[in-house]
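I will jot down what I look up as I go.

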Amino acid sequence: AFRAQEQETRADALQDNYTALQAHMGETGHSSRVEELEEAEHKLEALQTVKDALEGQTKLMREEAESMLTKLHVAERDASSSQADRNEMLQHLQQNEMLS
């Protein structure tokens, strides 16, 4: 009877240890999952920051390119206008030489 009581006590202790271990594993599993989610959230925030920076940089580069394009069109127009002025002046000179 004493031996049966001792084995029953051991079985109860083992069961308690097993239950405590399961509870601890459950807590650990839960907390590690929370940590994974928090880590993923931080990574997502970092990626969003990078995305925002790249979008800002892209916008600045686009504006710079548009400004350069506008300057190029103005320069082309000025060059074309200067060439037309030179051609007109050359015609006047040639006409004056013919008249002379």
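This is a predicted model: local features need pLDDT of at least 70, side-chain atom pairs count only at pLDDT 80 or more; totals for chains, interfaces and linings use all residues.

Residues are numbered from 1 along each chain as its sequence is written, and side-chain values use heavy atoms, with hydrogens and water left out.

**Overall form**

I looked up the secondary structure next and got one helix and zero strands for the protein chain. Here helices (H or I, at least four residues) and strands (E, at least two) are DSSP runs, numbered from the N terminus. Helix α1 covers residues 2–99.

For the dimensions, I noted a C-alpha box of roughly 145 × 15 × 5 Å along the principal axes. The radius of gyration is 43 Å, while a compact globule of 100 residues would have one near 13 Å. That radius is taken over C-alpha atoms, and the globule rule is 2.2 Å times the number of residues to the power 0.38.

I also checked one pair along the chain: Leu72 and Ala46 are 26 residues apart, and their C-alpha atoms are separated by 39 Å. Leu72 sits in helix α1 and is partly exposed at 43% relative accessibility.

What share of the 100 residues is buried? The answer is 0%, where buried means under 20% relative accessible area, exposed over 50%, and partly exposed in between (1.4 Å probe, protein chains only).

**Charges**

Lys and Arg count as positive and Asp and Glu as negative, without His and the chain ends; each charge is placed at NZ of Lys, CZ of Arg, CG of Asp or CD of Glu.

Side chains of opposite charge can pair when their charged atoms come close. My search of the whole structure gave two salt bridges, each being a side-chain nitrogen of Lys or Arg within 4 Å of a carboxyl oxygen of Asp or Glu.

- Lys43 meets Glu39 at 3.4 Å, N to O; both lie in helix α1, four residues apart, about one turn. Glu39 is partly exposed at 45%.
- Glu55 meets Lys51 at 3.6 Å, N to O. They are separated by about one helical turn because they are four residues apart in helix α1. Glu55 is partly exposed at 45%, and Lys51 is partly exposed at 43%.

**Patches**

Which residues gather in a patch of negative charge on the surface? I wrote down Glu35, Glu38, Glu41 and Glu45. Glu45 is in helix α1 and partly exposed, with a relative accessible area of 43%.

Patches are made of residues with over 30% relative accessible area and no salt bridge, joining like charges within 9 Å and nonpolar side chains (Val, Leu, Ile, Met, Phe, Trp, Tyr) within 5 Å.

My last entry is a nonpolar surface patch of about 310 Å², made by Met89, Leu90 and Leu93. Met89 lies in helix α1 and counts as exposed at 56% relative accessibility.

Conventions: Accessible areas come from the Shrake-Rupley method with a 1.4 Å probe; for residues, only the protein chains shown count as cover.
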